[in-house]
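Please read the points with the structure open.

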Amino acid sequence: MDQPPPSDVPDEESSASDEVPEEPENESYRRARKAASGVVAGAALVAGAAFAFARYHPARIAIEGVSMAPTLLPGDWCLVVTPERFHRDDVVVVEHPQRPGYEIVKRLVGVPGSVIGGRELGEDEYWVEGDFAHRSTDSRDFGPVSQDQLKAKVVLVYWPAARRRLVR
C-alpha cells in the first residue's frame, strides 16, 4: 500500500530507456560523383535536343485526305523533319506546284536520274505519288516537282496512339 496509484504519464527513467539511439548516416565516397554525372547527363540531353531542333526543324502536321492510305489516314498527326537530302520512298511534304502555300503529303518515287514513264528526270526534278492512286493528285497530274518544293520528311505517326509508329 505504500505504492502510489498508477499514472498515465511515464516516469523519466522509462522514457529515456525507450529512445532508440540514432544510427550514423552512411555516406558513400561516390555520392558527389553521381550528382556530377547526373548534371553532365542532363546537360548532354539538353544539348542534344537543342542540336536536333536546330538541325532538323521538327514540326507536326495533321493528315486530312486519303491519298496516302493505308500508310497515313485522315486524322493522323505526324512528326516531320527537314533532312539534308531526300531519298526514294521517303514520305514527304510537298508544296503543291499549282497552289503556292498549299502543302500535300506524298511518297517520293523518283529522284534525279530516275526513269519514270519512259522519261528520265532532270537534275532538279522529283516525282511524287500518293499511295492510294485513285484518290491522289500528284506528279501524274502536275508533273515533276523541284527540290525547293520538297519541304519535309514524315518520320512518325504519334496520334492516335493506336497507330503510333515510324513511317516507312
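1. The model is a predicted one.

2. Confidence comes next. Mean pLDDT for the protein is 83. Of its residues, 76% reach 70 or more. Among the elements, helix H1 (residues 12-18) has the lowest mean, 55. Strand S7 (residues 127-129) has the highest, 96.

3. Is Ser139 buried or exposed? Ser139 has a relative accessible area of 2%, under the 20% cut-off, so this residue counts as buried. Beyond four places in sequence, Ser139 touches Tyr126, Trp127, Val128 and Pro144.

4. With neighbours within four places left aside, Ser67 contacts Val105, Lys106, Gly130, Asp131, Phe132, Arg135 and Ser136.

5. Now the largest pocket. Its volume is about 450 Å³. The lining has 20 residues, and the closest to the pocket centre are Gly65, Tyr102, Glu103, Ile104 and Val105. Strands S1 (59-62) and S4 (103-110) each supply at least two lining residues. S4 gives the largest share, with 4 residues. By type, the lining divides into 10 nonpolar, 5 polar and 5 charged residues.

6. Which residues touch the most other members of the largest nonpolar core? They are Ile61, Leu72, Cys78, Val91, Val93, Val105 and Val154, in a core of 13 residues. S2, S3 and S8 are the elements that give two or more residues to this core. S8 gives the most, 3 residues. Apart from this core lies another, of 11 residues, including Ile104, Val111, Val145 and Leu150. In soluble globular proteins, nonpolar side chains tend to be buried together.

7. Cys78 is one of the residues that touch the most other members of the largest core. Neighbours within four places aside, the contacts of Cys78 are Ala59, Arg60, Ile61, Ile63, Leu72, Val154, Leu156, Val157 and Tyr158.

8. Val105 and Ile104 link two of the topics above. Both are among the residues closest to the centre of the largest pocket. Val105 is also a member of the largest nonpolar core, while Ile104 belongs to the other core.

9. Next, backbone geometry. Most residues other than glycine have a negative phi, and most peptide bonds are trans. Two peptide bonds to check are cis. One runs from Ala69 to Pro70, with omega near 0 degrees. Pro70 is in the loop between S1 and strand S2 (77-81). The other runs from Trp159 to Pro160, again with omega near 0 degrees. Pro160 is in the loop between strand S8 (150-159) and strand S9 (165-166).

10. What is the phi of Asp89? The value is near 80 degrees, positive in a residue other than glycine. Asp89 lies in the loop between S2 and strand S3 (91-95). With a relative accessible area of 44%, between the 20% and 50% cut-offs, Asp89 counts as partly exposed.

Definitions and conventions. Residues are numbered from 1 along each chain as its sequence is written. Side-chain values use heavy atoms; hydrogens and water are left out. On a 1 Å grid over the protein atoms alone, a cavity is a set of points where a 1.4 Å probe fits but cannot get out, and a pocket is an open set with protein on both sides within 12 Å along at least five of seven lines; lining residues have an atom within 4 Å of a point. Grid points are joined across faces, edges and corners, and a volume is the space filled by probe spheres set on the points. Ala, Val, Leu, Ile, Met, Phe, Trp, Tyr, Cys and Pro count as nonpolar, Asp, Glu, Lys and Arg as charged, and the others, Gly among them, as polar. Buried means under 20% relative accessible area, exposed over 50%, partly exposed in between (1.4 Å probe, protein chains only). A nonpolar core is a set of buried Ala, Val, Leu, Ile, Met, Phe, Trp, Tyr and Cys residues joined through side-chain atoms within 4.5 Å. Contact means heavy atoms within 4.5 Å. pLDDT is the predictor's confidence in each residue, from 0 to 100.
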